Amino acid sequence: MSRPAPLRVLVVEDEALLAFALQEELEEAGHEVVGRAATSAEAIGLARQARPDLALVDVHLLDGPTGVEAGRAIGEAGTVVLFMTANVKRIPADFAGAAGVIAKPYSASGLASALAFVGAALDGGATPPPPWSLQLAPHLRPAEDGRMRLRPP
Amino acid sequence: MNDNSAEASDAAENRRAAFRMGEQLDREHAAGDPFAAAIRRTRMPIIITDPRQPDNPIVFANDAFLKLTGYSRDEVIGRNCRFLQGPDTDRSAVAAIRRAIEEERDQFRCDILNYRKDGTTFWNSLFLSPVRDETGAIHFYFASQQDVTHRKAEEMSTRERAEALELEVGARTRELRESLNRLAAEADSKTLLLHELDHRVKNNLQTIAALIGMQARRAASPEAAEALLGVLGRVEALGTVHRRLYQDRRVDRLDIAVFAHDLAQDLVARSGRADIVLRFDLEPVMIGHQHAAPLALIVNELVTNALRHAFRHDGGEIRLAVRRTGEADGGGARLVVEDDGVGLPGQELGRGSFGRLAVELLASQLGTKPLWQTAEPGTRVVLDLPPAILARPLEETRP
């Protein structure tokens, strides 16, 4: 598997163990974790301060099912958002502006493949289809050259 | 009815005229006239009225009539029949009688509620017919009565029974609708509970995987790390099944092709071996949810084994096939994992290995037995799935 472009990632997860393990997996894959947040306020504050490339956002946080709205705010602040949840049906039809969702339970390599795709889409374009572990938001469409981009190069 | 207190003198004169007509009829039809005798003696109540006199008074009433109504002959002769009516008499029946007389209809019949002298009521089946002379002019009206209270009561009770039945049916229908609503609400709450449980299972699987992963990264030896990663792979294989379980519309069945594909892709990606190519030959085959986990574990063992042992130095191809078998072959399905690597002898899935033991055990649980074959080059493992563990396909299957 080719080494993906390193990303600056914010982890938004209320379960400390999962957040910690996720950070280790991300770092092992060569990404930088800018912070871990367990509440929506913490998450939005960290996103505005650190301006990460990507935020991985759980739907259920310490302050309740606030992940969707936190994700919306983080996305509006210019960070690409992926939800990570066991309850994919909780995510609204417009994905609250997020690029997609990684369903739990995800595997280590499923996570790595999803991040590789997002990394490519942020850096010149990714070639669809996305890996099975990544479900893209319905509003995202490939460009004329057939590649997916999450931000203009 | 009591109206004799203030009769005007012409009314009294009218009654006397009616009496006289009655006496005249008596005289004209004295003893020996068989028709008169029959009418006087019959058990059917009969009266005769004279429409040529003012207000069409009764000029004759037989004994049966007097017996039915409780009046004496003196009380009825000279009076219009309306004294038989009372407060509950249907006005439309009265109007119908009046119309029949005005239109001089040759016969008329109706049921009307009448009152006896003592105030009790009876249903009267009234038959009315004019008596004409040779020129067709009406001289008298002939009216026979029949007490049909009994029949009316039956009709009423039939109607009441019908109404009661309708009420009962209405009540039952309401009850049924209510219990249907209750059942629907219960089903909703069960679905909710199921989804909550599913959510917890998924989260727990994620936590277990995180724990094993963390521990593997901290393992004291490469052997310990490898053992933990082997367990992690098996947990992740179960996760693949659970992740799919509630994403589809149906929760009781899964498409083997879909989760086998996800799993194989995941395992090859994790191996980091870009020189190993996956080739799929899949068609939708639905399996009951209780059989999905063992099958996913089997796929995990077979693909993992091929990845670890089939390709020592050079890359190659792993082929994963999920196909229905024809009715002639038992109507089940066949799963094949095949590689073009170094072949069985060097592989850990040889006899006595843990992976092989796991596959044999899981296969026996699914009611089948794996076939280990040499593919020349490489290894082929064939698993025939009996129809008993398969489920009927969804109306719309995933691509």
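Is Phe95(A) buried or exposed? Phe95(A) is buried, with 23 other C-beta atoms within 10 Å; buried here means 20 or more other C-beta atoms within 10 Å of a residue's own, exposed means 12 or fewer, and partly exposed is in between, with C-beta atoms placed from the backbone. This is a predicted model, in which local features need pLDDT of at least 70 and side-chain atom pairs count only at pLDDT 80 or more, while totals for chains, interfaces and linings use all residues. Residues are numbered from 1 along each chain as its sequence is written, and chains are lettered from A and ligands numbered from 1 in the order in which they are written.

View 1. Phe95(A) is found in the loop between β4 (80–85) and β5 of chain A; helices (H or I, at least four residues) and strands (E, at least two) are DSSP runs, numbered from the N terminus. Phi of Phe95(A) is near 60°, a positive value for a residue that isn't glycine. Then come the cis peptide bonds: one runs from Lys104(A) to Pro105(A), with omega near 0°. Look for Pro105(A) in the loop between β5 (100–103) and α4 (108–122) of chain A. Another cis bond links Pro128(A) to Pro129(A), again with omega near 0°, and Pro129(A) sits in the loop between α4 and β6 (134–136) of chain A.

**View 2. The nonpolar cores.** A nonpolar core is a set of buried Ala, Val, Leu, Ile, Met, Phe, Trp, Tyr and Cys residues joined through C-beta atoms within 7 Å. The largest one has 106 residues, and Leu82(A) and Val118(A) touch the most other members. Leaving out residues up to four places away in sequence, Leu82(A) touches Leu54(A), Leu56(A), Ala98(A), Ala99(A), Gly100(A), Val101(A), Ile102(A) and Val118(A); touching, or being in contact, means that the C-beta atoms of two residues, placed from the backbone, lie within 7 Å. Apart from that core lies another, of 22 residues, among them Ala18(B), Phe60(B), Ala100(B) and Leu128(B).

**View 3. Where chain B meets chain A.** Chain B puts 24 residues into the contact and chain A puts in 20 residues. On the chain B side, α6 (149–217), α7 (222–245) and α8 (256–271) each supply at least two residues. The most come from α6(B), with 12 residues. Sorted by class, the chain B side has 7 nonpolar, 10 polar and 7 charged residues; Ala, Val, Leu, Ile, Met, Phe, Trp, Tyr, Cys and Pro count as nonpolar, Asp, Glu, Lys and Arg as charged, and the others, Gly among them, as polar.

View 4. Zoom in on β11(B) and you'll find 4 bridges to the antiparallel β12 (residues 379–385) of chain B, with Gln373(B) opposite Arg380(B) in β12(B).

**View 5. The antiparallel sheet of chain B.** In this sheet, 5 strands of chain B line up as β2-β1-β5-β4-β3, open and with antiparallel pairing. The edge strands are β2 (58–61) and β3 (108–115) of chain B, each with a single partner strand, so one side of each is left without a neighbour in the sheet. From one strand to the next, the twist averages 30°. Ile47(B) stands opposite Ala143(B) in β5(B). In the loop between β1 and β2 of chain B lies Asn56(B), whose phi is near 50°, a positive value in a residue other than glycine. Asn56(B) is partly exposed, with 18 other C-beta atoms within 10 Å.

Note on methods: Two strands pair if DSSP finds at least two bridges between them. Axes are lines fitted to C-alpha atoms, for helices over the stretch in contact, and angles run from 0 to 180 degrees between N-to-C directions.
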